[in-house]
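The exercises below concern the fold, packing and backbone geometry of the structure shown here. Each task is followed by a solution in steps.

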Amino acid sequence: MGWHDGASGAAGLPELWLDTARLLQAEALADKAAPQASITQIALPIAAMRAGRRMRALSPAHCVSLGAYEASAEGGARFVRFRSLGDLWGSPLGAEVLDICAELLPPPLWPRFLGQFAEVLELPGPREALAG
Amino acid sequence: MAFLREPPAVAVFFTVDSIQSEAQSVLLATTLRARNGRDLSLTAYVTPDHAPEMRRITRRSLRHLGVGLAEIDPSVILPGAEAAARPPSNLLAACMPRAAAVHFLVSTDIVALAPVSFEELAGPGDVSACRFGHGPPPGGARRWAEGYERFGLVPPEDRVA
């Protein structure tokens, strides 16, 4: 496994990201057949090396899959990644997320949001009930 | 001066480039705000392709949550870049100037579970990434080596276990 196996969250300086973007652009122009997704994983470490910075990994335990979270009740996790919103609503965490949204987004925001994004959100039940 | 706000220590940002990421961005921002309080700096970068389609309710919801909204302008970031050769929108968003010591790019297919001490995860100048669920690029190690060699660098020995 390398640094290049993907990033779901990353920290760095805008200047470094800009160098990364330029590298990607140079790569893409030089080899248009290469899918950008494949070289994204390479460009950030290269840009870091060019800037004399060492890359380090953020602990994968900070961001776990929904399945892993439910299976082990990950105590140290800070984020959960879901494969689809439908999966999220099928879990207790999904119900908690809906409660939080209803609390922080007072009417008419949250009910209207639910109404406009019902299909995208893949909500399972009547959205009026979910809106609280 | 007293009336100027100190720049935030940490800037957390994400990209909105589709109707799907638009919906997810509200869930992400709401949970981030619920877990971390009002002081965390949050910015949503909207791609120029999606900006005209972004729904008013999304903008209102994000603003209510104290999320800054900004449009990415690829022509400013990478002048002259052909659209086909432009890097992904997440990367362009990361290039945008922000007044913070630590910058955190987060995907919109996640929700926050607990408070995060971003300063402890990565210090100023650190370059860090959290690998998750992606396989190696096509061509594997050979592709990595080619990438480094193109820029006159030797691939590092460091690996994530």
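**Exercise 1.** Determine what share of the contacts in chain B with a separation of 6 or more comes from residues 24 or more positions apart, and describe the elements and burial of that chain.

*Solution.* Step 1. Contacts are counted between residues whose C-beta atoms, placed from the backbone, lie within 7 Å. On that basis, residues 24 or more positions apart account for 69% of the contacts in chain B with a separation of 6 or more.

Step 2. The model is predicted: local features need pLDDT of at least 70, side-chain atom pairs count only at pLDDT 80 or more, and totals for chains, interfaces and linings use all residues. Residues are numbered from 1 along each chain as its sequence is written, while chains are lettered from A and ligands numbered from 1 in the order in which they are written.

Step 3. Helices (H or I, at least four residues) and strands (E, at least two) are DSSP runs, numbered from the N terminus. Chain B contains 6 helices and 6 strands, and its elements follow the order β-α-β-α-β-α-α-β-β-α-β-α from the N terminus.

Step 4. A residue is buried if 20 or more other C-beta atoms lie within 10 Å of its own, exposed if 12 or fewer, and partly exposed in between; these C-beta atoms are placed from the backbone. Of the 161 residues of chain B, 45% are buried.

**Exercise 2.** Identify the buried residues of helix H2 of chain B and the elements against which they pack.

*Solution.* Step 1. In H2(B), residues 56-64, the buried residues are Ile57(B), Thr58(B), Ser61(B) and Leu62(B). They lie on the same side of H2(B), because they cover an arc of only 130° around the axis; the arc is that of the directions from the helix axis to the C-beta atoms.

Step 2. Their packing partners are helix H6 (109-116) of chain A and, in chain B, helix H1 (19-36), strand E2 (41-46) and strand E3 (67-71).

Step 3. H6(A) has buried residues of its own, Trp110(A), Phe113(A) and Leu114(A). These cover an arc of only 100° around the axis, so they are on the same side of H6(A).

**Exercise 3.** Describe how helix H5 of chain A packs with H1(B).

*Solution.* Step 1. Two packed helices are described by the angle between their axes and the distance between the axes. Axes are lines fitted to C-alpha atoms, for helices over the stretch in contact, and angles run from 0 to 180 degrees between N-to-C directions.

Step 2. H5(A), residues 92-104, and H1(B) pack at an angle of about 80°, with their axes 9 Å apart. H5(A) is therefore roughly perpendicular to H1(B), given that angles under 35 degrees count as roughly parallel, over 145 as roughly antiparallel, 65 to 115 as roughly perpendicular and the rest as oblique.

Step 3. H5(A) contributes Val97(A), Ile100(A), Cys101(A) and Leu104(A) to the contact, and H1(B) contributes Leu27(B), Thr30(B), Thr31(B), Arg33(B) and Ala34(B).

**Exercise 4.** Give the order of the strands in the open sheet that includes E3(A), and locate Ser65(A).

*Solution.* Step 1. Two strands pair if DSSP finds at least two bridges between them. The 3 strands are in the order E3(A)-E4(A)-E5(B), with mixed pairing.

Step 2. E3(A) and strand E5 (110-112) of chain B each have a single partner strand, so one side of each is left without a neighbour in the sheet. The twist averages 30° from one strand to the next.

Step 3. E3(A) and strand E4 (residues 79-81) of chain A pair in the parallel sense over 3 bridges, and Cys63(A) has Phe79(A) as its bridge partner in E4(A).

Step 4. Ser65(A) lies in E3(A), residues 63-65. Ser65(A) counts as partly exposed because it has 19 C-beta neighbours inside 10 Å.

**Exercise 5.** Examine the peptide bond between Pro107(A) and Pro108(A) and the phi of Glu122(A).

*Solution.* Step 1. Most residues other than glycine have a negative phi, and most peptide bonds are trans.

Step 2. Pro107(A) and Pro108(A) are joined by a cis peptide bond, with omega about 10°. Pro108(A) is in the loop between H5 and H6 of chain A.

Step 3. Glu122(A) has a positive phi, near 55°, and is located in the loop between helix H7 (118-121) and helix H8 (127-131) of chain A.

Definitions and conventions. Two residues are in contact if their C-beta atoms, placed from the backbone, lie within 7 Å.
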